[in-house]
Amino acid sequence: SGEQFIVVFHGASRTAARYRNSSVLMAERSHSLVVVPEFDAERFPSRTYQFGGVFREDGSVADPEEWTYAFVPLIVDYIQEREGDPEMNHLFLGFSAGGQFTGRMTAMQDSEAERIVVTSSGSCMFPTREMRFGLGFGGLPDHLSNDERIRRYLAQPITVYIGSADREMAQLPTGTAYDQGVHRYSRNVRWFNEARDLAYEYEWEFNWRLVIAHGPG
C-alpha cells in the first residue's frame with residue numbers, strides 16, 4: 001500500500017509484469033502503490049488499446065461504455081475500495097503505446113487523476129478537428145469534438161514527458177502521423193506547443209506541462 005497509487009499503462013509489448021517490476025523504485029520514492037493493468041493483444045488490439053475502441057470495426061462510433069477507457073474508472077474504484085480509501089489520490093502514467101492510450105483517453109473523458117503523464121507517445125491527440133481521430137478530433141460526432149470538449153481536454157493536468165534523443169524512427173506510427181513530425185521528440189513538443197497556443201488564443205484554462213529529459217532516447 002502507499003499514500004497514493006499510480007496506474008501505469010504499458011507499451012505495445014503488453015508486458016505488464018515487467019512494467020510493474022520496473023516501477024518499484026518509482027513506487028518507493030513516491031510512497032505509492034503501483035497498479036499495472038494488462039491489456040493483452042488478443043483482447044485489445046491497437047484499435048481497442050492505442051485507440052481506445054472509440055470506433056467499432058465497422059467504422060461506426062462506439063458508445064462510451066464500450067470504450068476501453070471505460071475500464072479505467074472501474075480500476076480506480078476497485079483500488080480505492082481495496083485500500084479502504086474512496087478518496088485515495090491517484091495518477092496515470094502511460095508509456096509509448098500506453099502514452100497513446102492515456103493521451104486519447106484524456107481527450108475523450110474527464111478523470112479525477114491528480115496528474116496524467118504521457119511518456120514517449122508515438123503519435124499524439126492534437127487539439128484540432130483538422131486531423132482525424134487518433135491524431136486529432138476529426139471524424140468524431142460534435143459532442144466529442146466541439147470546442148467545449150477540447151477546452152476540457154486542455155484543462156486536464158497532463159504532463160507531456162519526452163526524451164530529447166527520442167528521435168529513432170523504428171516502431172513509429174507512419175502515414176498521416178508524419179503530419180505531426182518525423183519522430184517522437186518533434187511530435188510531442190509540437191503537440192504541447194499547439195495545445196498551449198490554442199489555450200492562449202481562446203483564453204482557456206491550460207494545465208499541461210512539458211518535461212524534456214535531456215539525453216534519453
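Y69 is buried, its relative accessible area being 0%. The model in which this residue is described is a predicted one. Y69 belongs to the loop that lies between β2 (32-35) and α3 (71-82). When its neighbours within four places in sequence are left aside, the contacts of Y69 are Q50, F51, G52, V54, F101, R104, M105, M108, Q109 and F133. Helix α4 spans residues 97-108, and F101, R104, M105 and M108 are among the residues in contact with Y69. A separate relation concerns P86: it lies 17 residues from Y69 in sequence, and the C-alpha atoms of the two are 20 Å apart in space.

The overall architecture was then examined. The protein contains 7 helices and 6 strands, and these follow one another along the sequence in the pattern β-α-α-β-α-β-α-β-α-α-β-α-β. Along the principal axes, the C-alpha atoms fill a box of roughly 45 × 40 × 40 Å. Of the 217 residues, 53% are buried. Among contacts with a separation of 6 or more, 64% are made by residues 24 or more positions apart.

The side chains include 21 positive and 30 negative ones, with a distance of 7 Å between the centres of the two sets.

Strand β5 (residues 158-163) has pairing partners in both β4 and β6. With β4 (residues 116-119), the pairing is parallel and extends over 4 bridges; within it, V117 stands opposite T159 of β5. The pairing of β5 with β6 is likewise in the parallel sense and extends over 5 bridges, and here Y161 stands opposite V211 of β6. Strand β5 is mostly covered, with 5 of its 6 residues buried. In a regular strand, side chains alternate between the two faces of the sheet.

Helix α6 (residues 147-155) is also linked to this part of the structure, as its buried residues pack against β5. These buried residues are R149, I150, Y153, L154 and A155. Besides β5, they pack against the helices α4 (97-108), α5 (142-145) and α7.

R14 is not a glycine, yet it has a positive phi of about 60 degrees; it is located in the loop between β1 (4-9) and α1 (16-22). E203, which is not a glycine either, also has a positive phi of about 60 degrees, and it is located in the loop between α7 (184-202) and β6 (209-213). The two residues are set in contrasting surroundings. R14 has a relative accessibility of 11% and therefore counts as buried, whereas E203, at 74% relative accessibility, counts as exposed.

Methods:
Residues are numbered from 1 along each chain as its sequence is written. This is a predicted model: local features need pLDDT of at least 70, side-chain atom pairs count only at pLDDT 80 or more; totals for chains, interfaces and linings use all residues. Side-chain values use heavy atoms; hydrogens and water are left out. Helices (H or I, at least four residues) and strands (E, at least two) are DSSP runs, numbered from the N terminus. Buried means under 20% relative accessible area, exposed over 50%, partly exposed in between (1.4 Å probe, protein chains only). Contact means heavy atoms within 4.5 Å. Lys and Arg count as positive and Asp and Glu as negative; His and the chain ends are not counted. The place of a charge is taken as NZ of Lys, CZ of Arg, CG of Asp or CD of Glu. Two strands pair if DSSP finds at least two bridges between them.
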